[in-house]
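Subject: Structure handover

Hello,

Here is the structure I promised to pass on. Please open it alongside this email.

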Amino acid sequence: MPSQSNPEVSRSGSSSTGGFDTMLGRHVVKIGLVTEDELEQCRSLIDEASNDDTLADLLLEQNFLTQRQLDRIRRDFEASRSGKSIPGYQILKKLGSGAMATVFLAKQKSLQRLVAIKLLPKRFSEDPNYVSRFLSEGQAAAKLNHPNIVQAYDVNNHNGRHYFVMEYVEGNTVYDRIQEVKRLDEQEAIDILIQSSKALQHAHNQGFIHRDIKPKNLMLTEKGQVKVADLGLARGLDDAEAAKKEAGRAYGTPYYISPEQIRGRIDIGPSADIYGLGATAYHMVTGHVPFTGKNPNEVMQRHLRTPLTPPDQANPNLSAGFCQVLEMMMEKDATDRYQSAGDLLEDLELIAQGHPPHFARPKLDLADLAVQIPAPGDDAPLRQKSKPAGAGVSPLAIGSMVLNGLLLIVLLAVILTR
Ligand SMILES: Nc1ncnc2c1ncn2[C@@H]1O[C@H](COP(=O)(O)OP(=O)(O)O)[C@@H](O)[C@H]1O
Ligand SMILES: [Mg+2]
C-alpha cells in the first residue's frame, strides 16, 4: 500500500526523528546517493511490524549511505530547520556573537573555501534602521581591500534574514590576547598598533571611518597579522544625511568610544578611530580599560571629563615615548589628537626604533616648570609629565636648583668683596 511505504507516516519518520527521515528519503535519491530501488527496499523493511529502525538506520545498515554522508545531511537539515541555512554555504559551527549578530564558520560550496558569515537575528530583520546599518557594513567593507582588513565577500538576505560573508580569520582577537597574558609588552602592542594604523589609513583614505575600534574587532592570525574586523558602524565621510539621522545618538562600545561620538557629533572624523585605537592600546598595555563606571553612561561621562591616568602609573615599564603617543591618541579634544592615521604611523614607527616621537610632545605642567630653573647654558629637554604622580622632584631638578643657588652665592660674594 502506497501510504504505508511512505516514510512520512512510518513509526521512525516524522514522529521520532522530527521530520528528518521524511526529508532524508527524498533528498538522498535527489542528490544520487541512493537509488529509488534501494530506498524502496529500506521502506519495505520499515513497514515490517517488528522493525523499529528509522530510515537513516536502515540506509546505514544496508550500506547505501556512509555515516559521514548521513552526518553531513543531518547537520544541513538541522541548520535549515533553525533558520541558519544559506544557499551556497554549509554552516559548520558558531564562532561567536556580539551585540548585533552571530558569526558562523561556513564552507562556501562553489569555491570550497572557509568563510565567516555574520547572520542577523530574525527579530532585527524587521527593523529597517538595523537592516540598513547591516547592509551598509557590507557595502563599506566591500570597497576596502587591505592585508590588515577582514575582506568582505558578500552581503545578502535569505528568507528575510540578512547575512554578511567575509574572510575567515583563523586565530583570535586582541581581546583574547589580553585575557591570555593580562598585559601585552610594549613591543607587541606597538606592532599591533602599527598594523591597525595601516588598516585605518587605508579605510580613511577611501572615506570610511570605522567608529567601533575595540580589542574584539582587532583579529590576530597565528602569524601575528592584525585584521581589523567589523566595519559595522562605518559610513562615507561625506554622507552627511546619514550622519544627521544619527545625530544625538551615540553608537559604539562605551569603553573605547571617542568623546565626539558620545556627544553625538555628526562630523565624526579619522581621529575618532584614533581615540578608539588609543583606548584599545591603553587596555593592551595596562591590562584595564581607560575608564570604568557602574553603567555605560558613567563610563561615557568619564571619557568626556575625567583626565586620563597616565598609562605608566599602571605599567612602569612603558617608555616615555610610548606614553606620549598613547596620551596624544586619547586627547579628549579631537583637534589635539593625531589628525591622521599616517601621522600616528610615523610616530609609532619612530618609537618602535627607540626614537622620540615626532608629533607627540611631553606634556608640561606648572609643577614641572617650578623646578625647572635652567642652569646657565642648560638647554636639556624639559622633563616629561607622564611619570607616576608622587614620584616627586627628579634628582636632575634638585641638582639644577643647588647649582643655581651656589652660582647666586658666588655672584653675591664677588659683588660684596669688590
Ligand atoms: N571574520 C571572522 N573570522 C573569524 N572569527 C570572527 C570573524 N568575525 C568575527 N569573528 C568572531 O565572532 C565574534 C563575534 O563577532 P561580532 O558579532 O562582530 O561581535 P564583537 O565584535 O562585539 O565580538 C568575534 O568576537 C570573533 O571572535
Ligand atoms: Mg566584531
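Below is what was found in it, part by part.

**Overall**

Please keep in mind that this is a predicted model. The chain has 418 residues, of which 34% count as buried. It holds 19 helices and ten strands. Take the contacts in the chain with a separation of 6 or more: 60% of them join residues 24 or more positions apart.

**The sheet strands**

Start with β2 (residues 102-108) and β3 (residues 113-119). They pair in the antiparallel sense, over seven bridges. Alanine 106 stands opposite valine 115 of β3. Four residues lie between the two strands of this hairpin.

Next, β3 also runs antiparallel to β5, with five bridges joining them. Valine 115 turns up again here: its bridge partner in β5 is glutamate 167. Lysine 118 stands opposite phenylalanine 164 in β5.

On to β4 (residues 152-158). Six bridges join β4 to β5, and the two run antiparallel. Within this pairing, asparagine 157 stands opposite histidine 162 of β5. The hairpin of β4 and β5 has two residues between the strands.

**Positive phi values**

Most residues other than glycine have a negative phi. Some residues here go the other way. Asparagine 63 is not a glycine, yet has a positive phi of about 60°. It sits in the loop between α5 (55-61) and α6 (67-81). Is asparagine 63 buried or exposed? It counts as exposed, because it has 8 C-beta neighbours inside 10 Å, and the cut-off for exposed is 12 or fewer.

Glutamine 112 is another case, with a positive phi near 50°. Its place is in the loop between β2 and β3. Glutamine 112 has 7 other C-beta atoms within 10 Å, so it is exposed too. Asparagine 159, in the hairpin of β4 and β5, also takes a positive phi near 50°.

**The cores**

The largest nonpolar core has 70 residues. Which of them touch the most other members? They are Ile117, Ala189, Ala281, Met284, Val325, Leu326 and Met329. Helix α13 (residues 270-286) gives the most to this core, at nine residues. Domain 2 (84-167) and domain 3 (171-352) each provide at least three residues of this core.

Look at alanine 189 in particular. Setting aside residues up to four places away in sequence, it touches Leu184, Ala281, Met284 and Val285. There is also a second, separate core, made of 14 residues. Met23, Leu24, Val34 and Leu58 are among them.

**Glutamate 186**

One more residue to look up. Glutamate 186 lies in helix α10 (residues 186-205). Leaving aside neighbours within four places in sequence, glutamate 186 is in contact with Val285, Asn317, Leu318, Ser319 and Phe322. Asparagine 317 is 131 residues away along the chain, yet the two C-alpha atoms are separated by 8.3 Å.

Why does glutamate 186 count as partly exposed? It has 19 C-beta neighbours inside 10 Å. Buried would need 20 or more, so glutamate 186 stays in the partly exposed class.

That is the handover.

Best wishes

Conventions. Residues are numbered from 1 along each chain as its sequence is written. Chains are lettered from A and ligands numbered from 1 in the order in which they are written. This is a predicted model: local features need pLDDT of at least 70, side-chain atom pairs count only at pLDDT 80 or more; totals for chains, interfaces and linings use all residues. A nonpolar core is a set of buried Ala, Val, Leu, Ile, Met, Phe, Trp, Tyr and Cys residues joined through C-beta atoms within 7 Å. Domain bounds come from an automatic or database domain assignment. Two residues are in contact if their C-beta atoms, placed from the backbone, lie within 7 Å. Two strands pair if DSSP finds at least two bridges between them.
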